[in-house]
Amino acid sequence: MLEQHSIGTEANFLRNTGESGQLILQYDWDNSSLGPLSQWPSSLRTTLGIVLHSAFPMFLFWGPDNICFYNDAYRPSLGLPGKHPAIGKPAIEVWPEIWEITAALINEVYLTGNALWFENKLIPIERNGRLEDVYWTFSHSPVYGDNGTIAGVLVTSLETTPTVIAQQKIKETVLKRTRELEQANASISQANAYLQDIINSFKQPLQVLVPVYEGGEIVDFRFKLTNQAYASYANTTPDAISGSRVSEIFPGYLKTTSFTNVARTFLSGETDTWMIHYDQDGLDLYNEMTAIKMGDEVILHFADYTKLKYLEFELLNKITELENSNQNLEAFAHAASHDLKEPVRKIQMFANILQGQLGDKLSEQNRMSFSKIISAAERMGKLIDDLLQYSQFSLLPPLMEPVDLNENVRQVIEDLEVRIQESNASLILKELPVINGYKRQLYQMFQNLISNSLKYRDPATPLNIEISAAPCTENGINYHQLEVRDNGLGFEQQFAENIFQLFTRLQHTSMQAGSGIGLSTVKRVVDNHKGIVRAESQPGNGALFKIFLPNSAPNIEVSHF
């Protein structure tokens, strides 16, 4: 812990400034280019007073050697142990790895007198024992000395690395949802445009305010110092509002916490940070404000996150639109399936009636044509049934229930008994777990997997199907790993992802009847259970389907109807 030093009158600006203030008191300034602390110019003391008492990260370069100062809020940006302590050192010694960039920014401020602003800028720095990629939102502002010329450069900065990473993750999530909801391409494209247009603008307005009293009470504040970032809200300049009451520029602020909380901070002396939605004076802003009392003044600065807030609203609206669109598409598929079944049924019925009426009048070629019509209608009916079943899997039951997969699979085997016997297939069922899930959907999943094995078998080889389970962990999540393995025809591994897509059938399976919906139904069931499905195969070596279902304790409180 740092030794506590007494503070003389000449160093009043260092009172209650934490570790950074103590480091300044301890430093041997007599042997530095700045000279003894008692001889420092008032402009340096005033600037350091603002920096050191601020809860927002600030860094100051001062004098020809660009001597470094910073407050406790900036300390974490230097790493552990990193560059700390850097107070009193020339900037070139503290930032050698980025000195070319830093020197250019400092020199531009000295040369032009203009403040510089950068948002989410990648500047790698050495800290924590390595070179790190760090994103920053920061400004370089001139600080004028006692003689009216620029004597230093003030840096206000905010590390935005987590925000940038979060943006990237949001974009990845949206892109993934875009691939899953191809039927809603128009809406998703619009959402992506919004996502690609995300702008995090964290300009840091700063004010130094003095209270205005009437009848012994604080009724307003007066601007003593503001920066351009704040003045821009009123489309003016800091000089134009200097000395004015805040209510003269923003009369509505008296009704908000941007007045009451600042007054409370001045009276209590306690620093305060809060969120505010400012909807007065024709403005609609979302800010995080911080008020700090310093002597007879209050320092007020805030971060404006209005654009992010409105983008959040837009994203929520777009997500709702996408969900509504998906529901409409599912409802359409459900209705279309029902409406299509009736004409198909009539085709079958009237074809059978007409064939019976014509009887012996039909030639062999006529009978073959009738057979093809009836067969095609039957396939169409099966396709419609499969499509209807697939669309219904988006409508989840209201509550999961404990499902004994052993009983579930045995029911499937019983229902497929005839097909299993006709295929001369052998099934090996090993011990399966009890899981929390949707019983009917899990039944359909196993039915489609077993049916797939029965359908795509080699007639010359006895078919063996094995169903087993074991616990496993994927990406830190505990799963039940279910496996359905057969020794059927198999397929090329390159098609392992495609087979789960709707209406997908591999070319070499064209001799087997099917709609191409079965495995997509399996994928939908697994998705509804927050699981994972994978397929492994080689032509002639059978297929292995791995289903990963979350290993959570079954909910024993099941509603019975």
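Student: Is Glu536 buried, partly exposed or exposed?
Tutor: Go by relative accessible area: under 20% is buried, over 50% is exposed, and partly exposed lies in between (1.4 Å probe, protein chains only). Glu536 has 35% relative accessibility, so it counts as partly exposed. One caution before we go on: this is a predicted model, where local features need pLDDT of at least 70, side-chain atom pairs count only at pLDDT 80 or more, and totals for chains, interfaces and linings use all residues. Residues are numbered from 1 along each chain as its sequence is written, and side-chain values use heavy atoms, with hydrogens and water left out.

Student: What is the mean pLDDT of the protein?
Tutor: pLDDT is the predictor's confidence in each residue, from 0 to 100. Here the mean is 81, and 82% of the residues reach 70 or more. Over residues 186–202 the value is below 50, although that stretch has 41 contacts (heavy atoms within 4.5 Å) in the model beyond near neighbours in sequence. Residues 507–515 are also below 50, with 16 such contacts. Where pLDDT is low, the predicted coordinates should not be read in detail.

Student: Back to Glu536: with which residue does Glu536 form a salt bridge?
Tutor: A salt bridge means a side-chain nitrogen of Lys or Arg within 4 Å of a carboxyl oxygen of Asp or Glu. Glu536 pairs with Lys546, their closest N and O atoms being 3.2 Å apart. The two sit 10 residues apart, Glu536 in strand S18 (residues 532–537) and Lys546 in strand S19 (residues 543–550). Helices (H or I, at least four residues) and strands (E, at least two) are DSSP runs, numbered from the N terminus. Lys546 is buried, at 18% relative accessibility.

Student: How many salt bridges does the structure hold?
Tutor: There are 11. Among them is Arg485 with Glu483, at 3.5 Å between the closest N and O atoms; Arg485 is partly exposed at 40%, while Glu483 is buried at 16%.

Student: Which residues touch the most other members of the largest nonpolar core?
Tutor: In soluble globular proteins, nonpolar side chains tend to be buried together. A nonpolar core is a set of buried Ala, Val, Leu, Ile, Met, Phe, Trp, Tyr and Cys residues joined through side-chain atoms within 4.5 Å. The largest one has 45 residues, and Ile24, Trp29, Trp40, Phe61, Phe69 and Trp95 touch the most other members. Strand S1 (58–62) is among the elements giving two or more residues, and its five residues are the largest share. Leaving aside neighbours within four places in sequence, the contacts of Phe61 include Trp95, Ile106 and Val155. A second, separate core of 35 residues includes Val403 and Phe491.

Student: At what angle do helix H15 and helix H16 pack?
Tutor: Two packed helices are described by the angle between their axes and the distance between the axes. Each axis is a line fitted to C-alpha atoms over the stretch in contact, and angles run from 0 to 180 degrees between N-to-C directions. H15 (residues 439–455) and H16 (residues 518–528) pack at about 145°, with axes 9 Å apart. Contributors to the contact include Leu442 and Met445 of H15, and Val522 and Val525 of H16.

Student: Why is H16 described as largely enclosed by the rest of the structure?
Tutor: Because eight of its 11 residues are buried, including Leu519, Arg524 and Asn528. Just after H16, Lys530 takes a positive phi of about 60°.
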